Amino acid sequence: MKTRARPRGPRAEAAAARLLLLAWALLQVAGASGTADVVVAYNLTWKSTNFKTILEWEPKPINHVYTVQISPRLGNWKSKCFYTTDTECDLTDEIVNDVHQTYQARVFSYPADATDYSGEPPFTNSPEFIPYIETKLGQPTIQSFKQVGTELNVIVQDARTLVKVNGTFLSLRDVFGKDLSYTLYYWKASSTGKKCSSSLELWCSWSSSSPSSCLCLCTSAGRCEQGKAGRRAPHSMLHKEGALGAANCDKVYVAL
């Protein structure tokens, strides 16, 4: 004789609902466990010289990886340095497209094994960056100098940048034009006082009514920034061997 199944009561339906809710909660915990130990990037910093531009951040990853995105203001985000364990990303090829543009980057953190991660990863935004204003100028090079009587003519070589037009790399002069200037500092080896001569061109000159046995020369590149004094580059120096302790300079005896 068959026994009729009893209809479900309210208690059975409530228990089933509780089981479904518990199962859903466990699934959510399992899905989130992959990002529980992911560390968000911090201290995002732009490092740029002659438009060679790298974004740096902290910390070194332990069980996670990073992906970087960059965007011009009001533009679309572009991903770079996918799932990297590095704490820097070279963004030069993006910013040289328009060095007058304002850029922002962001660094996403992912679990180390999450190449197919589909959730919303945590990220940190960088400060805004304007290459034309904020890139540092590299150390200029004294290409040549020629003495004519008591006058010394110095030619400074424009540094090449990573900015391209029609496949050709531009120099600092090509990019900055009249915003770029060189300053020639000069002084006698036995003197601590410096004098200077500024020029918007590739050459500077120094002259004196009385010759000296040794002249120390030092050039620096700078740029105008909206009416204010621009940032100056490291010096490139010519001086007598042993006269001064400059770190990055060519040592040349200059007799006048």
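User: How many aromatic pairs does the structure hold?

Analyst: This predicted model holds seven aromatic pairs.

User: Why is the pair of Phe51 and Phe176 called stacked?

Analyst: The angle between the two ring planes is 25 degrees. Planes under 30 degrees apart count as stacked, so the pair gets that name. The centres lie 5.7 Å apart, and the cut-off for a pair is 6.5 Å.

User: What does the pair of Phe51 and Phe176 tie together?

Analyst: Phe51 is in the loop between β1 and β2, while Phe176 belongs to helix α4, so the pair ties together parts 125 residues apart in sequence. Both Phe51 and Phe176 are buried.

User: What makes the pair of Tyr83 and Tyr110 edge-to-face?

Analyst: The planes of Tyr83 and Tyr110 stand at 70 degrees, with 5.2 Å from centre to centre. An angle over 60 degrees counts as edge-to-face, so the term applies. Tyr83 lies in strand β4 and Tyr110 in strand β6, 27 residues apart.

User: Why is Tyr83 called partly exposed?

Analyst: Tyr83 has a relative accessibility of 32%. Buried means under 20% and exposed over 50%, so a value in between is partly exposed. Tyr110, at 12%, is buried.

User: How do you know that the charged end of Arg106 sits over the ring of Phe123?

Analyst: The charged end of Arg106 is 5.3 Å from the ring centre of Phe123, and the distance limit is 6 Å. Phe123 also belongs to one aromatic cluster with Tyr83, Phe108 and Tyr110.

User: What makes Arg173 buried?

Analyst: Arg173, in helix α4, has a relative accessible area of 17%. Buried means under 20%, so Arg173 qualifies.

Conventions
Residues are numbered from 1 along each chain as its sequence is written. This is a predicted model: local features need pLDDT of at least 70, side-chain atom pairs count only at pLDDT 80 or more; totals for chains, interfaces and linings use all residues. Side-chain values use heavy atoms; hydrogens and water are left out. Helices (H or I, at least four residues) and strands (E, at least two) are DSSP runs, numbered from the N terminus. Buried means under 20% relative accessible area, exposed over 50%, partly exposed in between (1.4 Å probe, protein chains only). Rings of Phe, Tyr and Trp (its six-membered ring) pair if their centres lie within 6.5 Å; planes under 30 degrees apart count as stacked, over 60 as edge-to-face and the rest as tilted. A charge sits over a ring if NZ of Lys or CZ of Arg is within 6 Å of the ring centre and within 35 degrees of the ring normal.
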